[in-house]
Amino acid sequence: MMETNELYLKTLFCCSACDGEIAPEEISLVKKISRNETIFSGINVECIINQYVEQINKLGKVFLKEYLNNIADATLSDEEQIKLFELAIKMIEADNKIEYSEVKFIKKIRSNLSISDNIILNALPDSEEYLLPDIISDEKEDNWSDIAFSPIKITPD
């Protein structure tokens, strides 16, 4: 079973990678969270993220599907589920361009959480657009093509 802080980190990584590009602003968000919050204390963020890079380069969309299964299998409190959903939203909004593939991915994350929409909306009032049913539900529409990412540097030079 994955630790909650690793699940948070994997959430950030998968949300940054699900559109086929890891933007510099998304890497900056991970750095900022690592610096300013304690949710990643005790884990080597850069090492783990680069393990994710290797895995997604090898497995492609299977990696993202496994992540969604990780959420479904996790035992998270309401607060932890809200934090995970909040991190997902922050990541897809980090580069100031929200792609359909990212919204669709967040909706898949949402479908694997056990908390109600009301609980999410009370904690994250601006998240309503991510809770609405998806317009296109055809699984073949996933554009998780097999793309390759380069290693990511989190620690300052």
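Arg110 is buried, its relative accessible area being 13%, where buried denotes a relative accessible area under 20%, exposed one over 50%, and partly exposed the range in between, as computed with a 1.4 Å probe on protein chains only. The structure is a predicted model, in which local features need a pLDDT of at least 70 and side-chain atom pairs count only at pLDDT 80 or more, whereas totals for chains, interfaces and linings use all residues. Residues are numbered from 1 along each chain as its sequence is written, and side-chain values use heavy atoms, with hydrogens and water left out.

The side chain of Arg110 meets that of Asp117 in a salt bridge, with an N to O distance of 2.8 Å; a salt bridge is here a side-chain nitrogen of Lys or Arg within 4 Å of a carboxyl oxygen of Asp or Glu. Elsewhere, salt bridges with shared partners join Glu37, Lys83, Glu86 and Lys90 into one network. By the rule stated above, the count comes to five salt bridges.

Lys83 is buried, with a relative accessible area of 16%, whereas Glu86, at 23%, is partly exposed.

A further salt bridge brings together the side chains of Lys97 and Glu21, for which the N to O distance is 3.7 Å. Lys97 lies in the loop between α5 (78-93) and α6 (100-111), and Glu21 in the loop between α1 (4-17) and α2 (24-36), so that the pair ties together parts that are 76 residues apart in sequence. Both partners are partly exposed, Lys97 having a relative accessible area of 39% and Glu21 one of 36%.

Helix α1 also contains Ala17, which counts as buried at a relative accessibility of 3%. The C-alpha atom of Ala17 is separated by 8.8 Å from that of Leu64, a residue 47 positions away along the chain.

Note on methods:
Helices (H or I, at least four residues) and strands (E, at least two) are DSSP runs, numbered from the N terminus.
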